[in-house]
Amino acid sequence: MDEAIQELLEEIRELYLADGTPWVVGYSGGKDSTITAQLVWMALAGLPAEQRTKPVHVISTDTLVENPVVAAWANRSLEAMRTAAAAQQMPIEPHRLTPELEDTFWVNLIGRGYAAPRPKFRWCTDRLKIRPSNKFILDVANKYGQVILVLGIRKAESATRRRTMERHERGRVRDRLSPHGSLPGSLVYSPVEAWTTDEVWMALMQYPNPWGHSNKDLLAMYRGASEDSECPLVVDTSTPSCGDSRMGCWTCTMVEQDKSLRAMVANDEELEWMRPLLALRDALDIEDDRHLRDFRRMNGSLMIHRDRLVHGPYTQAAREDWLRRLLEAQTWIRAHGPTYVRDITLITLDELHLIRRIWVFTKHEIEDNLPGIYEEATGQPFPGRPLDETLSFNAAQTMIDTLREVCDDEEEYLRIRALLAVHRRYNVMTRRAGLLDALEKVLEKHSFEDEEDALAFAQFRRGENPDKGQGALF
């Protein structure tokens with residue numbers, strides 16, 4: 001092992017000194033990315049200080065719904081790395097990346113109503129992982145003309161990973177650099193691609209972590225879960241998602257159950273505070289959630305499949321329930337969890353503010369229920385001003401109560417509520433171009449008495465247009 005590592009360190013040094021192309025090292029805090037970052041560090045430490053001039057960026061993507069134990073581990077490691085790099089005069093710059101506010105998990109699920117991710121509706125990976133890492137990589141590539149990605153990917157991880165890596169190998173421009181399939185100007189270097197899992201652990205136990213983060217603690221964290229894999233830096237859809245790993249998001253519904261989270265809670269009494277997270281994750285992962293979702297698609301259209309309407313986003317009631325459960329879990333953990341999680345944040349205030357605006361202005365939910373839900377769940381007043389300064393809460397509540405009284409059913413209430421919301425939005429504009437189109441879309445979306453009526457209409461339309469087949473009807 002020692003001889004093999006010394007040869008690899010020499011190879012890393014040769015590649016580093018070969019040109020001025022900056023490096024970006026993917027780091028998740030798991031075993032493969034840790035040994036990769038450690039090898040790069042060890043190799044550079046063997047060079048004279050005057051030769052360590054090329055920047056090495058270490059990027060770690062925090063989805064904001066990572067397993068809290070793993071997220072805390074990775075964040076502490078990045079801080080230790082930053083301190084040690086400065087002390088040792090290493091050209092290593094750690095970066096914690098997060099998704100854009102409009103791309104976060106809760107803004108999409110609770111705000112817009114996206115259903116929990118499934119294999120055929122995997123909306124999370126691109127928004128939470130691919131976009132933040134790709135943006136950073138492309139920014140570096142655009143600035144310097146090229147970038148070398150150093151990734152802890154291994155052929156032994158899976159048959160799919162082996163095939164992907166071997167396909168990219170055929171296009172190598174140097175002995176160990178492969179062009180990235182979807183990132184222009186990016187070359188991939190995978191120093192441990194041929195290693196086995198045992199070899200990774202052997203190296204981690206044999207060589208101390210150069211930035212002072214304990215590899216023995218890393219091994220202990222792995223032992224706390226049932227399976228031996230990690231969530232890699234995801235830069236494209238060919239990279240396995242966190243659904244097959246134990247180092248992924250605690251909200252993940254891409255697998256039948258979160259074995260890692262469940263194992264951590266079961267194996268360590270100190271981690272029982274995560275039970276509310278496990279309960280919420282299991283609530284999201286139900287086989288048939290049609291009763292929680294609107295019978296219309298996000299844009300209001302109807303889609304029929306096997307003589308049933310394909311349901312769209314979560315209903316207002318379901319989204320409000322998810323928010324209430326999430327805030328209650330956060331409040332309980334802060335009150336009953338160990339000291340180090342007393343300030344845990346499961347959903348940020350920025351996310352809550354954006355979700356509130358989406359509910360009121362995009363979904364026309366003029367009740368503005370988010371502040372009330374927040375106060376009920378946390379016992380604290382919501383830290384935000386009224387969204388519409390021209391309409392007091394009492395006036396809005398009076399209008400809502402009146403609508404409830406005069407409307408014959410729920411669909412009529414939703415239709416009139418949306419019409420009033422659209423009218424109020426355009427009423428404050430100097431130019432009202434688009435008002436009629438917006439009103440027409442509301443009438444079109446809420447033109448059915450219920451789901452049965454919508455299905456009958458969809459079947460009628462499909463019969464009138466036999467060539468249309470299955471799909472959106474209007």
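Contact here means heavy atoms within 4.5 Å. The views below show a predicted model, in which local features need pLDDT of at least 70 and side-chain atom pairs count only at pLDDT 80 or more, while totals for chains, interfaces and linings use all residues. Residues are numbered from 1 along each chain as its sequence is written, and side-chain values use heavy atoms, with hydrogens and water left out.

**View A. Surroundings of Arg176.** Arg176 lies in the loop between helix H6 (159–169) and strand S5 (177–179), where helices (H or I, at least four residues) and strands (E, at least two) are DSSP runs numbered from the N terminus. Leaving aside neighbours within four places in sequence, Arg176 is in contact with Glu11, Leu15, Val188, Tyr189, Ser190, Pro191 and Glu193. Arg176 counts as buried because its relative accessibility is 16%; buried means under 20% relative accessible area, exposed over 50%, and partly exposed in between (1.4 Å probe, protein chains only). The side chains of Arg176 and Glu11 are joined by a polar contact of 2.7 Å, and a polar atom of the Arg176 side chain lies 2.9 Å from the backbone oxygen of Ser190. A polar contact is a pair of N or O atoms within 3.5 Å; within protein, one must be able to donate a hydrogen and the other to accept it, and residues adjacent in sequence count only if both atoms are side-chain atoms. The C-alpha atoms of Arg176 and Val188, which are 12 residues apart along the chain, are separated by 8.1 Å.

**View B. Strand S6 and its partners.** Both faces of strand S6 (residues 186–189) are covered, with Ser186 and Val188 on one side and Leu187 and Tyr189 on the other, all buried. Strand S4 (residues 147–150) runs parallel to S6 and is joined to it by four bridges, two strands being paired if DSSP finds at least two bridges between them; Ile148 stands opposite Leu187 in S6. S5 and S6 run antiparallel and are joined by three bridges, with Tyr189 in S6 as the bridge partner of Leu177. S5 and S6 form a hairpin with six residues between them, and Gly185 in the turn has a positive phi of about 75°.

View C. Strand S1 (residues 23–26) pairs with S2 in the parallel sense over four bridges, and S1, helix H2 (residues 31–45) and S2 make a right-handed β-α-β unit. A crossover is right-handed if, with the strands pointing away from the viewer, the path from the first strand over the helix to the second runs clockwise. S2 is joined by six bridges to strand S3 (residues 92–97), which runs parallel to it, and Ser60 stands opposite Arg96 in S3.

**View D. The salt bridge of Arg462 and Asp307.** Arg462 forms a salt bridge with Asp307, the closest N and O atoms being 3.3 Å apart; a salt bridge is a side-chain nitrogen of Lys or Arg within 4 Å of a carboxyl oxygen of Asp or Glu. Arg462 lies in helix H17 (residues 451–464) and Asp307 in the loop between strand S7 (304–305) and strand S8 (308–309), so the pair ties together parts that are 155 residues apart in sequence. Arg462 counts as partly exposed at 22% relative accessibility, as does Asp307 at 49%.
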